[in-house]
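Let's take a walk through a protein model together. Keep the 3D view open and follow along.

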Amino acid sequence: NGSAQHMMQPGEFDRRTHEDGVEVWVSQMGAFMNMNTAFIDRQNGVVAIIDPFDSNRWIEALDEEGLKPTHLLYTHTHRDHTAGFQRMIRHDFGYELEVWAHREAVDPAWLRFDVFRPIHATHFWEHSIRTDVEWSAGSIQLTITHTPGHAPGHVTIHGHGVYHAGDLLFTSACGRDDLPGGDPLTLWKSLAHAKNQLIGMPGDWRLIPGHRYDWIDGSTPDWVSIAECLEHNYALNSPTLDAVISME
């Protein structure tokens, strides 16, 4: 398949304008190859970044285009996903950034464990497990799905041609369930819900994983299409998943 051609260098950006006019920037950053996605509405000056890892690089790249971040959206609060938070909020943009996370992702009961790094959310999603809320700013419209199991308060975020999976799904695998706040059965139920969502989305949309890990052919593409993920991701094609779906 053609996916393996997408292998960005750290801090490099893939910039595309979706057919609805919203720009989508994707970057790969850090030792764990964290994937970041931003949605940009230039007309209204809105820049919403998911899990920014290297704040300096994000600010620099946006500044080159006369843009500034306005919203930070967190899939979960493991320390690699919140690595850029402190520098981002300390930067003087002349306004306060809106910071969004699920309320369960900032529960102090979990944040005392070293795998987490707290963020100070200004706004919270509070919807129940495996339900959606719609989130919008300017012409950006995203669906936020509560998908715990890998981490408390984990969410996936999709819209404008991409499904940003966080650490629920990688291109060919799924997130781990053995960290504090993780739970195997909850993870499988979240995966079952995600599979049903993905089946209903355009197959040519991109699945952006939380990390760039190996694909089925040994390459490490930054993303695969939803169709490719549905066909080859081992978790989405696992007999365990079929059993969980039949239990529901």
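## A pair of tryptophans

Let's start with one side chain: Trp 100 is buried, because its relative accessible area is 15% and anything under 20% counts as buried. Please keep in mind that this is a predicted model. Trp 125 is buried too, with a relative accessibility of 4%. Together, Trp 100 and Trp 125 form an aromatic pair of the tilted kind, with 5.6 Å from centre to centre and 35° between the planes. Where in the chain do Trp 100 and Trp 125 sit? Trp 100 belongs to strand S6 (residues 98-102) and Trp 125 to strand S7 (residues 123-125), so the pair links distant parts of the chain, 25 residues apart.

How many aromatic pairs does the structure hold? There are eight aromatic pairs. One of them joins Phe 13 and Trp 25: the pair is edge-to-face, with 5.7 Å centre to centre and 65° between the planes. Since Phe 13 lies in strand S1 (residues 13-17) and Trp 25 in strand S2 (residues 23-29), the pair ties together parts that are 12 residues apart in sequence. Ring pairs also bring in Trp 58, so that Phe 13, Trp 25 and Trp 58 are linked into a cluster.

Here is how some residues of this report compare in relative accessible area:

| Residue | Relative accessible area | Class |
|---|---|---|
| Phe 13 | 9% | buried |
| Trp 25 | 0% | buried |
| Met 33 | 25% | partly exposed |
| Asp 51 | 2% | buried |
| Ala 151 | 0% | buried |

Now for the loops. Met 33 is found in the loop between S2 and strand S3 (34-41). Its phi is positive, about 50°, although Met 33 is not a glycine. With 25% relative accessibility, Met 33 counts as partly exposed.

Asp 51 also has a positive phi of about 50° without being a glycine. You can find Asp 51 in the loop that runs between strand S4 (46-50) and helix H1 (55-63). Is Asp 51 buried or exposed? Asp 51 is buried, with a relative accessible area of 2%.

Ala 151 lies in the loop between strand S9 (140-146) and strand S10 (155-159). Which residues does Ala 151 contact, apart from its neighbours within four places in sequence? They are His 76, His 78 and Gly 181. For a sense of distance, Ala 151 and Thr 122 are 29 residues apart in sequence, and their C-alpha atoms are 20 Å apart in space.

## The whole chain

Finally, let's zoom out. The chain has six helices and 13 strands. Its radius of gyration is 17 Å, close to the 18 Å that the globule rule gives for 248 residues, so the chain is as compact as a globular protein of that length. Along the principal axes, the C-alpha atoms fill a box of roughly 50 × 45 × 30 Å.

Of the 248 residues, 57% count as buried. The accessible surface comes to about 10,400 Å², and 48% of this belongs to carbon and sulfur atoms. Among contacts between residues at least 6 apart in sequence, 58% join residues at least 24 apart. As for charge, the chain has 17 positive and 34 negative side chains, and the centres of the two sets lie 5 Å apart.

How values were computed. Residues numbered from 1 in each chain as written. Predicted model: local features only at pLDDT ≥ 70, side-chain atom pairs only at ≥ 80, totals over all residues. Heavy atoms only, no water. Helix = DSSP H or I, 4+ residues; strand = E, 2+ residues; numbered from the N terminus. Rg over C-alpha atoms; globule rule 2.2 N^0.38 Å. Buried < 20%, exposed > 50% of the residue type's maximum accessible area, 1.4 Å probe, protein only. Contact = heavy atoms within 4.5 Å. Areas by Shrake-Rupley, 256 points an atom, 1.4 Å probe, with all protein chains shown as cover. Lys, Arg positive; Asp, Glu negative; His and termini not counted. Charge placed at Lys NZ, Arg CZ, Asp CG, Glu CD. Phe/Tyr/Trp six-rings, centres within 6.5 Å; stacked < 30°, edge-to-face > 60°.
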